[in-house]
Amino acid sequence: MNYHVLTLFPDMVMQGMNTSIIGRAMEKGLLGLEAVDIREFSKNKHKKVDDYPYGGGAGLVMQAEPVYLAYESIAAGMEKKPRVIYMTPQGQVFNQKLAVELAKEEELIFLCGHYEGIDERVLEEIVTDNVSIGDYVLTGGELAAMVMIDAISRHVPGVLNNEESAQFDSFHDNLLEYPQYSRPEEWRGKRVPEVLLSGHHGKVDEWRRQQSLKRTLERRPDLLEGAKLDKKDEEFLRGLKK
Ligand code: 6GU
């Protein structure tokens, strides 16, 4: 997977991503990341990339041409047209399903805006997906792009080792994770649930399944609609609801 981030703050993106699991995957060559500085593509002697909005109004708008040239500098060398994701609170809300889908792409371009946005004409030309990371407004798209890159990368083969595998995630199958415990057996008077100390794997699995169901019902009941539940799960949930 190769990520290309079109941004006015390339250092912010590179520094934000070079640690932890994502940094390790970049060193291993499983992921590539480049931040393309849109300002470098300004033809203005002061490297200006923004101007006043036609029709008036507050703030400045990023101009079309530097954004287009930055895009072309990446896309020109590609065999097929890549998906170009514009980070905007007006987009579809990012979720795990979209993360899994995007992880199958070879190349992804993220376009990060600032100020009051980007000239609509270049967006019409290059953007394939408008994506938001939630219903709040950020000052720029960089943090949102980094959130997406992190969530997508976990689904690129080899990025997580077996122990970290995405198949055990919260949200896998639309159920939240069960609670975890580690040593000591008793901490400040609170004991680890006895079933986890029993060594009875069947009982441990059943308890964990029930905890996942209970947690999802209490915290994110909206997720249960998309979950694959068997008869036993349904029966357990009916018992909880009473
Ligand atoms: Cl993707 N971009 C910006 N600028 N603000 C946001 C967002 C994205 N998602 C939520 N707020």
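Trainee: Which strand holds arginine 83?
Mentor: Keep in mind that this is a predicted model. If you look for arginine 83 among the secondary structure elements, you will find it in strand E5.

Trainee: Which side chain makes a polar contact of 2.9 Å with that of arginine 83?
Mentor: Apart from its neighbours within four places in sequence, arginine 83 is in contact with residues including Glu101, Glu105, Glu107 and Asp129. The side chain of glutamate 101 makes a polar contact with the arginine 83 side chain, but at 2.8 Å. The partner at 2.9 Å is the side chain of aspartate 129.

Trainee: Which element gives the most to the lining of the largest pocket?
Mentor: This pocket has a volume of about 590 Å³. The elements that give two or more residues to its lining are strand E5 (83-93), helix H5 (120-126) and strand E7 (129-132). With five residues, the one that gives the most is E5.

Trainee: How many nonpolar residues are in the lining of the largest pocket?
Mentor: The lining is made up of 27 residues, and Tyr86, Met87, Thr88, Pro89 and Gln90 lie nearest the centre of the pocket. Sorted by class, there are three charged residues and eleven polar ones, and the nonpolar residues number 13.

Trainee: A polar backbone atom of which residue is 3.0 Å from a nitrogen atom of the ligand?
Mentor: The ligand is surrounded by 13 residues, with Thr88, Val131, Ile133, Gly134 and Tyr136 the closest. The side chain of serine 132 has an N or O atom 3.3 Å from a ligand nitrogen, and a polar backbone atom of leucine 138 is also 3.3 Å from a nitrogen of the ligand. For the distance of 3.0 Å, the residue is isoleucine 133.

Trainee: Which backbone oxygen does the side chain of arginine 39 reach?
Mentor: Arginine 39 lies in the loop between strand E2 (32-37) and strand E3 (50-51), and at 30% relative accessibility it counts as partly exposed. Not counting residues up to four places away in sequence, arginine 39 touches Leu8, Lys47, Val49 and Tyr115. At 3.1 Å, its side chain reaches the backbone oxygen of lysine 47.

Trainee: And the side chain of threonine 216, which backbone nitrogen does that reach?
Mentor: Threonine 216 lies in helix H7 (residues 201-219) and counts as buried, at 0% relative accessibility. Beyond four places in sequence, it touches Asn174, Leu175, Leu176, Pro221, Leu223 and Leu224. The side chain of threonine 216 reaches, at 2.9 Å, the backbone nitrogen of leucine 176.

Trainee: What separates the C-alpha atoms of arginine 154 and alanine 25?
Mentor: Start in the loop between helix H6 (142-153) and strand E8 (186-187), where arginine 154 lies. At 25% relative accessibility, this arginine counts as partly exposed, and its contacts outside four places in sequence are Val159, Leu160, Glu164, Ala166 and Asp169. Alanine 25 is 129 residues away along the chain, and the C-alpha separation is 9.7 Å.

Conventions:
Residues are numbered from 1 along each chain as its sequence is written. This is a predicted model: local features need pLDDT of at least 70, side-chain atom pairs count only at pLDDT 80 or more; totals for chains, interfaces and linings use all residues. Side-chain values use heavy atoms; hydrogens and water are left out. Helices (H or I, at least four residues) and strands (E, at least two) are DSSP runs, numbered from the N terminus. Buried means under 20% relative accessible area, exposed over 50%, partly exposed in between (1.4 Å probe, protein chains only). Contact means heavy atoms within 4.5 Å. On a 1 Å grid over the protein atoms alone, a cavity is a set of points where a 1.4 Å probe fits but cannot get out, and a pocket is an open set with protein on both sides within 12 Å along at least five of seven lines; lining residues have an atom within 4 Å of a point. Grid points are joined across faces, edges and corners, and a volume is the space filled by probe spheres set on the points. Ala, Val, Leu, Ile, Met, Phe, Trp, Tyr, Cys and Pro count as nonpolar, Asp, Glu, Lys and Arg as charged, and the others, Gly among them, as polar. A residue is near a molecule or strand if one of its heavy atoms lies within 4 Å of it. A polar contact is a pair of N or O atoms within 3.5 Å; within protein, one must be able to donate a hydrogen and the other to accept it, and residues adjacent in sequence count only if both atoms are side-chain atoms.
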